[in-house]
Amino acid sequence: MPYVLRESVRGLEDELQAHPAITLQRMTVGLPLDKRQKEQVKDVKPQSVFALHQQLNELEIAWKPKDASDPNVLGAAHILPVKDVLKDWPGVVYFDFTPPDARIRRFHPVDFFVDEACVGAFLNEPGRDDPAMYFYQFEGDPASLELNMEGYVAMLLASKSFLYWQYAILEIIQQHENPMSRRFKEWMPRLFARFDWQEYVELYSRLRLG
């Protein structure tokens, strides 16, 4: 699995670099965790959150079409390095007025792909070990994507890091189309000829938790 994961990330990089209709603006593929970093995460629960970090301790992807009529059609992913995932997020995730026992205080951004939204996980919850990744727009409650980190990365790669692809997952869960998922379904096959929505849904079904 680890070798295949790194190979898959490099495969996406090669695909985006060679794509005649896309400009790859940025692709950061981090090194595996070193001994000190492994020590930092070894007691953090759930351990599954660091499935990608064990092999590459950061992943950043940014691309845009060379000719697109919709400025929101672009690629954006930024899986933060361990040191940033583990830090406290006052003023971003929670605030002084947030109740001290509120669950949101345990939420840590993992894929901070735009300023307005992220995907993260609840870490070190007493009596709880929730492997799910959650989509969060910094208001209300985070929405479970019903994927662990390994599944999340697999869907990110299948989505080519298309901006707000997470809404496509929410459409599948909620069985209700939304404006972001509509854009995703319109543009993905236009940019990536081999993309098939039904295959995408089936992949998610195989990776979905529980």
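Guide: What follows covers the chain as a whole and then one residue; note that this is a predicted model.

Visitor: How many helices and strands?
Guide: The chain has seven helices and seven strands. Along the sequence they run α-β-α-β-β-α-β-β-β-β-α-α-α-α.

Visitor: And how compact is the chain?
Guide: As compact as a globular protein of that length, because its radius of gyration is 17 Å, close to the 17 Å that the globule rule gives for 210 residues. The C-alpha atoms fill a box of roughly 50 × 40 × 30 Å along the principal axes.

Visitor: What share of the residues is buried?
Guide: Buried residues are 49% of the 210.

Visitor: Switching to charges: how far apart are the mean positions of the positive and negative ones?
Guide: They are 3 Å apart, with 24 positive and 31 negative charges in the chain.

Visitor: Now N57. Where is it?
Guide: N57 sits in the loop between α2 (35-41) and β2 (59-65).

Visitor: Is N57 buried or exposed?
Guide: N57 counts as buried because its relative accessible area is 10%, under the 20% cut-off.

Visitor: Which residues is N57 in contact with, sequence neighbours aside?
Guide: Leaving out those within four places in sequence, N57 contacts G30, L31, L33, Q37, P81 and V82.

Technical notes
Residues are numbered from 1 along each chain as its sequence is written. This is a predicted model: local features need pLDDT of at least 70, side-chain atom pairs count only at pLDDT 80 or more; totals for chains, interfaces and linings use all residues. Side-chain values use heavy atoms; hydrogens and water are left out. Helices (H or I, at least four residues) and strands (E, at least two) are DSSP runs, numbered from the N terminus. Buried means under 20% relative accessible area, exposed over 50%, partly exposed in between (1.4 Å probe, protein chains only). Contact means heavy atoms within 4.5 Å. The radius of gyration is taken over C-alpha atoms; the globule rule is 2.2 Å times the number of residues to the power 0.38. Lys and Arg count as positive and Asp and Glu as negative; His and the chain ends are not counted. The place of a charge is taken as NZ of Lys, CZ of Arg, CG of Asp or CD of Glu.
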